[in-house]
Amino acid sequence: MQYHLNGYTFGDPSVAPAAPDHMRYDAGLPDTVDVLVVGTGPAGAVLTAQLAQFPELSIATVDRRAEPLARGHADGVACRTVEMFEAFGLADTLVREALWVNETAFWSVENPGDGITRTGLVQDVADGLSEFPHVIVNQARMQELLFDVAAKSPSRFEVDYGWQYVSQSIDESQEYPVEVTVEATAEEHIGTTRTLRAKYVVGCDGARSAVRESIGRQLHGDVQNHAWGVMDVLLVTDFPDIRKKAVISSEAGSIILIPREGGYLVRLYVDLGAVPEGDTEFRKRVTVEQITESANKILDPYSIEVRDVAWWSIYEVGQRIADGFDNLNDDARGDNQPRIFITGDACHTHSAKAGQGMNVSMQDTFNLGWKLAAVLRGQARPELLHTYSEERKVTAQELIDYDIRWSKMVGSRDADQPVTPDEVEEQFVRGGQFTAGLATRYTPEFSALTGPDTHQDLASGFAIGTRFHSAPVIRVADAKPLQLGHVHAADGRWRIYLFADENGLAEGSAVANWCTRMTADPASAVSRFTPEGTDMDSLFDVYAVTQQTHHDVDINAVPALVQPSKGKFGLTDYEKVFSAEQTNGMLLGNIPGVEATKDIYDLREIDRARGAVVIVRPDQYIGHVLPLDEFEAFDEYFAKFLTS
C-alpha cells in the first residue's frame, strides 16, 4: 500500500483522504446522478465499491430494504472472486475470516440398505490454479466489506436504503437521459415517490428485477420442478466430514454440505425431490423440521441434531437467462449507447449447486464498473459499453450449461438413469477450473477488447482473454517477495507488463526503447491518451519484470516510465520494477510448492529471448500480448475505444 504521496498522513491508511469536491449528498436522494445502482446484493456492492473510487462521479445506490442484509443467502467464494477482492484491498480480511475449502468428500450408498459411506476425497482447488483458496463467507459479510470500501473511498459513499425502483423513461435529448421513479419503503415514508434523472441505471435487483421488467427483458429457460431446502444451522452430529465440503447421495436423496466460517455453523442443501407441476403452495407447506427430517434420512447411518437455525429457505432448481443484458436490441445499437443495464440474478438464474451465483454476479459488475467510469470520465467512447453485454452473455450461458450438468449429477434420484458416485466425482474434478471461477475467456468473436493471438507464443501462460494469472516475483527496490497480480487495484487503470528479454532494463534494451518511444512520441497510446496534467501512470500503470536478480538491477538506470515522478512533490515511485528470480521457497498466499521453485518466466511460459508486452484490462483480464518492438499494434489496440 502506497500513501504519503502528497504529504505526511496519519491514521488508517485504508481510509483515503476525502475529495474536497466529492459528489456525496447529505440531504437524501439527489435530483441527478451519473449512475443509479438499484440493489445492494453482491453485484450492486461491487459496482458501488468500484464507482466510489472516482469522486468526480455522482453515484446513488438504492435498495428496497430498510437496512443492510444481515444473514443467509450465498456463501461460496471462488478463487477468482478472492482475486477480485484483492483489487479492493480485502483479500487478507476475507481469507482470515473465512472457512477454507481444502477438500471435498463424496459419500454414497455402495450396498443397498447399508447407508452411506465415504467413496472419495478430492483436493478442492487443484495446485497452480490460483494463489488464493476457495473460501466460505456469508454474503452479508461480503457486502459489508465492499460497502466499507465505498465509505472509506474519496467519495465517502453511503447507500440509500428504503427506496424501491418503480419505473423509468428515456429521453436522449436530456443531459441525464433516464428519468427514474422510486418509492419509499421505509415505514416513516412508505408510499412516498421521488423522481431523479441519471445518465445510466444498473439493475442489480435480483431474479424478480423491476429494472429488467422496465426495459422489457425476459428470462428464458427451464424450471426443473425439483426442490431443495437450504438451512444454516448449529448442530450436533456424528457425521465425520462435518467440517469438509461434502457431496452426499443416497436412495433418500442428496445433500451438499458446506461448513461455514467461524468453526461451528454448517449449511445444508437438502434434496426434497420432485415438485408436482403447478403446485404453487409447495414452498409454503415445507418446514425447517421437514428439511431436517429429510437430511437425517439421507445421512443414515449418521444423524444430525439441530440446535439453532440461523436462516433457511426453499428453492426450485431452474436455469434461465435474459434475452439481453441492456436496454438496446442488436439492430438498435449502431451509434446508440445503452443507458440501462441488468446484472447478476436479474439476467441469469440457476441453482446454488455450482456455487457460482454470487461469484458470477460480482464479476458482471466488475466488468461493467470500470467501463462506466471510463466513459463518464471522458477516457473512453460510449461504444465501450456495448462490450458488457457481448462479454457477459457468453459467460452467463456457460454458467447455465454447467449448472444443468452439475444439478443433474447431484440431484439425480428422479432421473431415468441415475449417475454413479464415480461419475459425480469425475464431473466435479473436470469442472474444477469452472467452479474456481477461472474458466471465463473473452474471445475476439464476442469482445472488441480482446486482441488476436498472433503473438501468444511470447507468453503462452497468459492466454489472451483470460484473467491475469498471478505469480511470485521480487520487488527490486526493497527485495519484497509478492504476487505480481496484486498490483491490480480497482482504480480503472490499465496494467501494462513489460517482460524484459535477456538484455534487462538498461539503456538500449528492448524495454528501455519501448518506454522511450511511448513517452517521446506524441502519437503513442501512452502519450496520446494519458490525461493532460495528470501523473504519468494515471491511465497506463506500467511495470517491468526482468530476468536479472534484484541485486543486479541498477535502480538509477531504470526507464522513467517504470519509475515515474508523481504527486505534487514529484516523488519517485519505486514499486514498479520486479525481478523474476525464484522466491527461495517463500510461501506467498497458498502457492503450491511448484510455484516457489520456478520463476514467472517458466510458470507463465514467457519467451526469455524476446520478452513480451502483456496488456491487462482494469478488470484483470488479458487484452493482448505483443512483442516489445511492436508499437503500432499497441497504439491501435487502445485507439479502438479510448479518447484523447
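Start by selecting Ala479, which sits in the loop between strand 19 and strand 20 (481-483). Helices here are DSSP runs of H or I with at least four residues, strands are runs of E with at least two, and both are numbered from the N terminus. Ala479 has a positive phi of about 60° although it is not a glycine. Its relative accessible area is 35%, so Ala479 is partly exposed (buried means under 20% relative accessible area, exposed over 50%, partly exposed in between, with a 1.4 Å probe and protein chains only).

Before you go on: this is a predicted model, in which local features need pLDDT of at least 70 and side-chain atom pairs count only at pLDDT 80 or more, while totals for chains, interfaces and linings use all residues. Residues are numbered from 1 along each chain as its sequence is written, and side-chain values use heavy atoms, leaving out hydrogens and water.

**Stop two: Ser470**

Now select Ser470, in the loop between helix 11 (432-435) and strand 19 (472-475). Is Ser470 buried or exposed? Its relative accessibility is 4%, so Ser470 counts as buried. Show the side chains of Ser470 and Gln483, and you will find a polar contact of 2.5 Å joining them. The side chain of Ser470 also reaches the backbone nitrogen of Leu484, at 3.5 Å. (A polar contact is a pair of N or O atoms within 3.5 Å; within protein, one must be able to donate a hydrogen and the other to accept it, and residues adjacent in sequence count only if both atoms are side-chain atoms.)

**Stop three: Gln620**

Next, pick Gln620 in the loop between strand 26 (612-616) and strand 27 (622-626). Gln620 is not a glycine, yet it has a positive phi of about 80°. With a relative accessible area of 5%, Gln620 is buried.

**Stop four: helix 1 and its surroundings**

Select helix 1, residues 42-51. How many of its residues are buried? The count is 10 of 10, and helix 1 is mostly covered. These buried residues pack against strand 1 (32-38), strand 2 (59-63), helix 2 (79-87), helix 4 (139-152), strand 11 (193-203) and helix 8.

(Axes are lines fitted to C-alpha atoms, for helices over the stretch in contact, and angles run from 0 to 180 degrees between N-to-C directions; under 35 degrees counts as roughly parallel, over 145 as roughly antiparallel, 65 to 115 as roughly perpendicular and the rest as oblique.) Helix 1 passes helix 8 in a right-handed crossing, a term for the near helix being turned clockwise from the far one by less than a right angle, with anticlockwise making it left-handed.

To see where they meet, show side chains including Val46 and Leu47 of helix 1 together with Met362 and Phe366 of helix 8. Contact means heavy atoms within 4.5 Å. The residues of this contact between helix 1 and helix 8 divide into 11 nonpolar, 4 polar and no charged. (Ala, Val, Leu, Ile, Met, Phe, Trp, Tyr, Cys and Pro count as nonpolar, Asp, Glu, Lys and Arg as charged, and the others, Gly among them, as polar.)

**Stop five: helix 2 against helix 8**

Keep helix 8 on screen and bring in helix 2. Their axes are 10 Å apart and the angle is about 40°, so helix 2 and helix 8 are oblique to each other. The crossing of helix 2 and helix 8 is left-handed. Arg80, Thr81, Met84, Phe85 and Ala87 of helix 2 make the contact with Asn359, Met362, Gln363 and Phe366 of helix 8.

**Stop six: His348**

Move on to His348 in strand 18 (residues 348-349). His348 counts as buried because its relative accessibility is 0%. Which side chain makes a polar contact with the side chain of His348? Look at Asp364, at 2.7 Å. Leaving aside neighbours within four places in sequence, His348 is in contact with residues including Leu219, Arg320, Phe325 and Ser361.

**Last stop: Pro301**

Finish at Pro301, in the loop between helix 7 (288-299) and strand 16 (304-322). A cis peptide bond joins Asp300 and Pro301, with omega about 15°.
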